[in-house]
Amino acid sequence: MLSRGHVGTLAALIALLIFNFLFTPHFATMQTLSVNLTQVCVIVIVGVGMTMVIATGGIDLSVGALMAIAGAFAPQIFQGLLFPVPNLYVGIALGIILPVILAGCFGLFNGWLVANFRVQPIIATLILFIAGRGIAQVWTNGDLQVFKVPEFQQIAIGRVFGVPFQVWIMLALVLISAWALRRTVYGRQVLAVGGNEQAAWLAGIPVRRVKMLVYVISGVCSGIAGLIVIAMNSAADANLIGMGIELDVIAAVAVGGTLLTGGRATIIGTLLGALIIQLVRYTLLANGVPDAAALIVKAGLIVLAVWLQRQDRA
C-alpha cells in the first residue's frame, strides 16, 4: 500500500507533466525528454546510495567529494598517466573499476567512523566533505584534465535503443536496489536498524556491518556518478565535479518519501523525487523564471515532504 507521501509524490509528478504538456513549448519532444533524463541521472544514482544511508538513520555529506575523487582518478588511469596500460580497452576497464572501488573504500571509512566509533553521521561524513575534494585537487594539482576518449565516454553519451546509456545504468541501479531493499534479508536489516537500532541489535542483527555497508554502497554510487559526469563533459575538474549535489540528492530522497529519521525508505520514491525536482527547475526556466527561483521552490518541496511524512506517521 502506498503511503500518503508516496501518493503525493506521484500526483505532483503527474501534475507537472500535465502542466508542461499544456503550457511549455516543445516539451513533448525526444530532445526535451533526453535532456531532462540525462540531467537527473546523476542525482538518482547518488540518491540510491543516499537512500540506503538515510534508511539506517544516517546521512552522507561526502557524496560530491567522492564523485570528485573518482572523476579525478579515472582519466589518469585510462590515459596511462599513473601506470602503463597494455591497450586502450584495458585502460578504460581499469579507469572505471578502480575509481569506483576507491570511492567505495572512502565510503567504508565513513561507515567505520559511524559504526565503530559512533561518530554522528553528519560529522563523520563532513570530514570527507571537506577533505575529499582537497584530495582530488591535490591529486591533479588543481588542473583541468581534458580528454577525448569516445570509448570511455559511451557510458554517458552512448545510446542503446535511442536511450542514453547512463539512463540504463540509472534504471539498473534503481531496480536492483529497490529489489534488494524490499526482498532481501540485508534490506530488511537496513530498515530494522533505522527503525530501532537497539531492538535490531537485541534481535541479533549485525548493526555495525549493516551500517558500514550502506556507506560503502553510497561511495560506490558516488563513484559511478563521478565517472558519468566526466564522460559527459570530456573533462575532469576536481573543483567542480559533484559540487553542491548533496543538497539535491537529500531533497530528492525527502521528496520521494523516504523517512529522514530512518526505518522507511523507497528507492522508486527517490527516482520520482529527483524527477520532480528536475521538472520543477525545467518548468521554471522554460517559462522565463530565473534559475534562483528554483532554489526557493526546492526548499518549499522539502518542507512539504517533511510535513507529509509527519502526517503519515500521525
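The model is predicted, so local features were considered at pLDDT of at least 70 and side-chain atom pairs at pLDDT 80 or more, while totals for chains, interfaces and linings use all residues. Residues are numbered from 1 along each chain as its sequence is written, and side-chain values use heavy atoms, with hydrogens and water left out.

The protein chain contains 13 helices and four strands, assigned as DSSP runs numbered from the N terminus (helices, H or I, at least four residues; strands, E, at least two). The C-alpha trace spans about 60 × 55 × 35 Å along its principal axes.

Of the 314 residues in the protein chain, 52% are buried (buried, under 20% relative accessible area; exposed, over 50%; partly exposed, in between; 1.4 Å probe, protein chains only). The accessible surface of the protein chain amounts to about 14,600 Å², and carbon and sulfur atoms account for 70% of this area; areas were computed by the Shrake-Rupley method with a 1.4 Å probe, and for residues only the protein chains shown count as cover. Contacts (heavy atoms within 4.5 Å) between residues at least 6 apart in sequence join residues at least 24 apart in 77% of cases. The protein chain carries 16 positive and 9 negative charges, whose mean positions are 14 Å apart. Lys and Arg count as positive and Asp and Glu as negative, without His and the chain ends; each charge is placed at NZ of Lys, CZ of Arg, CG of Asp or CD of Glu.

I54 belongs to helix α2 (residues 30-55) and is buried because its relative accessibility is 0%. Leaving aside residues up to four places away in sequence, I54 touches I59, V253, T258, L259, L260 and G262. I54 and V253 are 199 residues apart along the chain, with their C-alpha atoms separated by 8.5 Å. N110, in helix α4 (residues 88-116), is likewise buried, at 0% relative accessibility. With the residues up to four places away again not counted, the contacts of N110 are D60, S62, A124, T125, L128 and Y215. The C-alpha atoms of N110 and I127, 17 residues apart in sequence, lie 8.6 Å apart.

Backbone angles were examined next. Most residues other than glycine have a negative phi. H26, not a glycine, has a positive phi of about 60°; H26 is located in the loop between α1 (4-23) and α2 and is exposed, with a relative accessible area of 65%. R118, also not a glycine, has a positive phi of about 55°. R118 occupies the loop between α4 and α5 (121-139) and is exposed at 62% relative accessibility.

A disulfide was defined as a pair of cysteine sulfur atoms within 2.5 Å, and by this rule the count is zero. For C105, which is in no disulfide, the nearest cysteine sulfur is that of C221, 15 Å away. C105 is partly exposed, at 46% relative accessibility. C221 is also in no disulfide, the nearest cysteine sulfur being that of C41 at 13 Å. C221 is buried, with 4% relative accessibility.
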